[in-house]
Amino acid sequence: MTTVIEKAQATDRLVPGTPLLEVRDLHVEFKTKDGIAKAVNGVNYSVSAGETLAVLGESGSGKSVTAQTIMGILDMPPGRITSGEILFRGQDMLKMSNEERRKLRGRKIAMIFQDALSSLNPVLSVGYQLGEMFRVHEGASRKEAKAKAIELMDRVRIPAAKQRVGDYPHQFSGGMRQRIMIAMALALEPDLIIADEPTTALDVTVQAQVMDLLAELQAEYHMGLILITHDLGVVADVADKIAVMYAGRIVETAPVHELYANPAHPYTEGLLRSIPRLDQKGQELYAIQGLPPNLLKVPAGCAFNPRCDKATDLCRSEIPALHQVLDRDGAELAGRKSACHLWKETLHG
Amino acid sequence: MGRFVARRLLQMIPVFLGTTFLIFMMVRILPGDPVAAMWGDKAPDPAQLAAFTHKLGLDLPWYEQYFDYMGKLFTGNFGETMAGRQVIDVISEALPVTIRLALMAFAIEIVFGVGIGLLAGLRRGKFADKSTLVFTLILISIPVPVLGYLFQTFFADQLKWVTPTVQDSMNLGQLLLPAVVLGSLSLAYVARLSRTSIVENIRADYIRTATAKGLPRRKIIGTHLLRNSMIPVVTFLGTDLGALMGGAIVTEGIFNVKGVGNALFRAIGQKEGATVVGFVVVLVIVYLVASLIVDLLYAVLDPRIRYA
Amino acid sequence: MPDLIEKKTAAKIPAQSGSSAPAPKPEKARSLGSDAWEELRRRPIFLISAALILVLIVMTLVPGLFTSVDPRAGDLRNHYLSPPNYSHLFQADWFGYDGQGRSIYSRVVHGARASIIVGICVTAAVTLTGGFIGMLAGYFGGWMDTILSRVTDVFFGIPLLLGCLVVLNSFTERTVWSVVFALTALGWTQMARVMRGSVITVKQADYVTAAKALGASTGRIMLKHILPNAIAPVIVVATIALGGYIATEATLSFLGIGLQDPTISWGIDINSAQKVIRTAPFALFFPAGMLSLTVLAFIMMGDAVRDALDPKLR
């Protein structure tokens with residue numbers, strides 16, 4: 001049986017630009033007491049080696065659910081994948097056996113979680129938790145695993161790694177704990193890392209250090225990185241492209257700088273306007289009116305229409321597809337798509 | 001770890017002194033004359049009563065009595081039974097039996113309790129879970145004496161698998177039935193507690209992390225889930241030792257196991273007040289030591305306690 | 001209205017916060033209380049146990065409603081261990097006669113009183129004593145907490161049943177009240193610990209700080225702000241413990257150091273039935289069954305109350 005894993009192992013080193021992951025028309029829903037919540041409604045995105053995709057959205061936009069589905073750690077039930085494909089190096093992971101998927105997890109695709117304190121097991125030493133990666137996936141002995149754990153802690157620049165390898169998560173600071181999470185994700189040099197709000201729980205200064213470390217390590221190994229965040233500020237420096245999600249759909253994708261310079265969706269526009277800026281000191285900060293939609297009762301038409309000041313009757317009746325975005329001359333803008341009936345007005349207006 | 005042990009030992013000293021003082025005061029303050037009680041329902045002869053009171057030092061002021069009492073405790077003098085034997089001798093003879101019985105009961109409640117709890121917790125809301133809830137509810141509701149007779153009638157009288165009472169108190173096979181009775185109430189509690197704990201922990205973030213690391217399910221449950229879920233169970237086991245001792249009195253009485261509980265059971269039946277108190281004091285000391293051991297075990301399981 | 005995923009993650013938070021002792025969390029008492037009631041009314045387990053308890057309470061108050069036979073009148077000559085006559089519903093020989101020729105049915109009915117009084121009075125007494133001590137220790141902290149907590153530890157160091165043996169041993173004549181006293185004297189520690197933990201959690205809530213800042217008196221803060229919010233875990237523990245106290249009373253009476261004749265107690269009857277267990281198993285079965293049923297009713301009630309007050313454990 002030639003499994004995906006063996007094939008993946010054959011391509012030993014990552015070549016930047018190799019397509020790694022492609023999510024195709026993914027639909028995920030949750031069964032709840034009050035009905036079915038459609039958390040992900042036809043999401044498409046892809047990541048290549050060496051590339052960073054930032055997935056941006058408020059809580060409830062489906063960004064984390066998508067990531068958990070890719071990772072195969074979605075709680076099922078209540079979650080259910082209704083349709084779609086998740087291709088990892090060309091193979092649909094949703095069609096793999098549980099055992100095949102398990103072997104990909106941690107080894108080929110790793111994940112960094114938001115809250116390192118609760119995401120690390122409180123009663124096991126960090127050395128054990130790091131070493132476990134080598135013991136389970138590579139059959140390393142206790143001793144080898146410990147040595148590798150120390151090496152990893154060194155690599156993510158935890159001071160005095162050798163002395164601290166036997167310490168427990170609660171004995172580390174928040175930033176150090178997040179470094180341990182990163183080290184754990186990096187342990188087996190995976191092809192793809194999914195970082196779910198990796199810096200949200202940290203102080204601002206520590207945030208920058210952790211993001212820099214992540215970017216640096218990514219550059220070194222040419223991994224693909226999916227960075228899930230609600231914070232536009234975090235994204236700007238590290239991401240190559242951005243996918244903005246709203247109510248379980250991607251509403252806009254674009255190369256990072258183009259999106260900042262000139263958004264093609266009113267939601268993105270609103271998000272950008274709500275970032276505090278020094279040159280607007282003294283003015284009232286913009287906030288998108290209303291609240292994110294209840295996933296049990298998503299508004300008809302464009303899900304954003306009740307909060308959108310540009311909304312028309314068309315927006316209230318028809319769900320906009322993710323269009324290719326054109327420049328003023330009618331030429332396609334590479335990598336830019338928008339799911340807005342009024343993308344032209346938004347982009348060029 | 002060494003520091004933790006030292007600190008716990010130091011903390012135990014005031015509790016130990018306090019507890020023994022409390023028992024001393026209970027015996028002294030409460031109505032009823034322990035010496036008069038030695039005559040049972042008959043009226044004591046006043047001269048004999050006074051002589052006994054003096055002999056036992058009960059006419060001294062309370063603090064002198066207390067020091068006297070503590071001195072006796074430290075020299076292992078817990079008084080005499082009516083038959084004139086030293087309480088400590090009776091206990092040291094019977095203790096090995098009780099320890100066997102208690103360890104067996106403990107093993108049964110841990111193995112089956114945790115096993116059932118794990119099964120129910122992993123299948124939350126399913127049949128296995130619901131039947132566990134019903135089963136444990138029933139087990140908890142049946143008081144130990146009732147359960148003892150129920151088992152005795154069923155397994156000994158009806159099925160004739162065992163003799164109704166234990167013939168050889170050191171025989172592990174014969175101790176099995178009393179051990180099941182003794183352990184069953186706590187088994188039910190352990191099962192429920194494990195289930196709750198498993199249900200709570202299975203949704204924890206570190207379990208999600210373990211899954212994301214690609215660990216096999218066996219390892220996720222065995223190492224990550226179980227270890228965390230056992231912390232409240234161990235805490236419970238510590239306090240449960242007391243209930244186990246109370247249960248031992250009943251169980252050993254019913255099955256005629258020649259242990260400490262049985263001796264106490266008889267002492268109560270023969271209204272030997274002073275002996276009862278002597279036994280209880282020893283058992284309380286055993287309880288305190290055992291809870292200390294459980295406490296230390298707790299620290300082994302949870303590093304957050306150790307380094308706090 | 002917050003969306004669904006938000007709720008999902010919010011619900012996760014308590015699960016992460018600690019794997020050790022379940023931390024009681026402060027919530028609005030009024031809405032919690034009425035929510036719990038709504039929840040309880042719909043649960044069959046609660047309804048069944050409530051009905052059972054109601055019957056037991058009626059049995060305690062007016063046993064004459066169930067039987068007019070004197071539970072203490074024995075007719076050894078005619079009724080020594082005569083077997084039950086199951087067709088004679090509610091009559092003297094329904095459950096047969098015991099070793100002293102007394103009607104088991106009547107004794108089972110009259111035995112409810114001791115169990116129910118002990119259960120309810122002990123629970124009330126330990127909740128008041130333990131709750132008060134726990135409240136003081138938790139609210140004032142400092143040396144007050146240190147002293148009260150050590151005292152609690154000392155009492156906690158004596159297992160309930162063993163301690164009761166010593167206490168009851170010194171009563172030559174034991175009534176229901178001596179048993180209530182013994183169980184309370186040794187049982188209050190559990191409530192004190194639960195209350196203390198609960199109060200410490202609630203004390204840190206913002207609304208308490210706000211009340212203090214507004215100059216509310218200590219007594220008022222304790223009674224109006226802390227107590228209603230800290231009481232839920234205490235109620236849960238108390239309801240579950242109630243069944244345990246009833247079982248302990250029966251065990252003590254069984255051992256011969258609890259209630260004594262002429263008080264009628266299922267525990268005493270179980271004890272006297274043991275001598276005739278092979279010839280007349282029914283003499284053991286009925287008091288034992290009633291006792292188990294009573295304990296079951298209270299434990300089921302406790303379970304239902306806990307589920308209603310603490311949905312996260314469901």
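Predicted model: local features only at pLDDT ≥ 70, side-chain atom pairs only at ≥ 80, totals over all residues.
- Strand 1 of chain A runs antiparallel to strand 4 (residues 79-88) of chain A, and 8 bridges join the two.
- To take one residue from this pairing, A:E22 has A:L87 in strand 4 of chain A as its bridge partner.
- Strands of a sheet pair through backbone hydrogen bonds, and the pairing may be either parallel or antiparallel.

**A loop residue in chain A**

- A:L14 is found in the loop between helix 1 (4-10) and strand 1 (19-32) of chain A, and it counts as buried because its relative accessibility is 6%, where the cut-off for buried is under 20%.
- When neighbours within four places in sequence are left aside, the residues in contact with A:L14 include A:L20, A:A49, A:R89 and A:P190, and also among them are A:Y221, A:H222 and A:M223.
- Between A:L14 and A:Y168 there are 154 residues of separation in sequence and 34 Å in space, taken from C-alpha to C-alpha.

- For helix 5 (residues 104-140) and helix 6 (residues 142-156) of chain C, the axes come within 7 Å and cross at roughly 145 degrees, and the crossing is left-handed.
- On the side of helix 5 of chain C, the contact involves C:I133, C:L136, C:A137 and C:F140, which meet C:G142, C:M144, C:D145 and C:L148 in helix 6 of chain C.
- The residues of this contact divide into 6 nonpolar, 1 polar and 1 charged.
- C:T248 lies in helix 10 (residues 218-255) of chain C and is buried, with a relative accessible area of 12%; apart from its neighbours within four places in sequence, it is in contact with C:L160, C:L161 and C:L183.

**Salt bridges**

- Over all chains, the structure holds 27 salt bridges.
- A:K63 forms one of them with A:E197, with the closest N and O atoms 3.5 Å apart; because A:K63 lies in helix 2 of chain A and A:E197 in the loop between strand 7 (192-196) and helix 9 (204-221) of chain A, the pair ties together parts that are 134 residues apart in sequence.
- Both ends of that pair are buried, A:K63 at 5% relative accessibility and A:E197 with a relative accessible area of 6%.
- A:E138 forms a salt bridge with A:K148, the closest N and O atoms being 3.7 Å apart, and here A:E138 is partly exposed at 43%, as is A:K148 at 33%.
- In chain C, the side chains of C:D153 and C:R193 meet in a salt bridge at 2.7 Å, N to O; C:D153 lies in helix 6 and C:R193 in helix 8 (residues 176-203) of chain C, so the pair ties together parts that are 40 residues apart in sequence.
- C:D153 is buried, with a relative accessible area of 18%, whereas C:R193 is partly exposed, with 36%.

Conventions
Residues numbered from 1 in each chain as written. Chains lettered and ligands numbered in written order. Heavy atoms only, no water. Helix = DSSP H or I, 4+ residues; strand = E, 2+ residues; numbered from the N terminus. Buried < 20%, exposed > 50% of the residue type's maximum accessible area, 1.4 Å probe, protein only. Contact = heavy atoms within 4.5 Å. Axes fitted to C-alpha atoms, helices over the stretch in contact; angles between N-to-C directions. Left-handed = near helix turned anticlockwise from the far one by under 90°. Nonpolar A, V, L, I, M, F, W, Y, C, P; charged D, E, K, R; others polar. Pairing = 2+ DSSP bridges. Salt bridge = Lys/Arg side-chain N within 4 Å of Asp/Glu carboxyl O.
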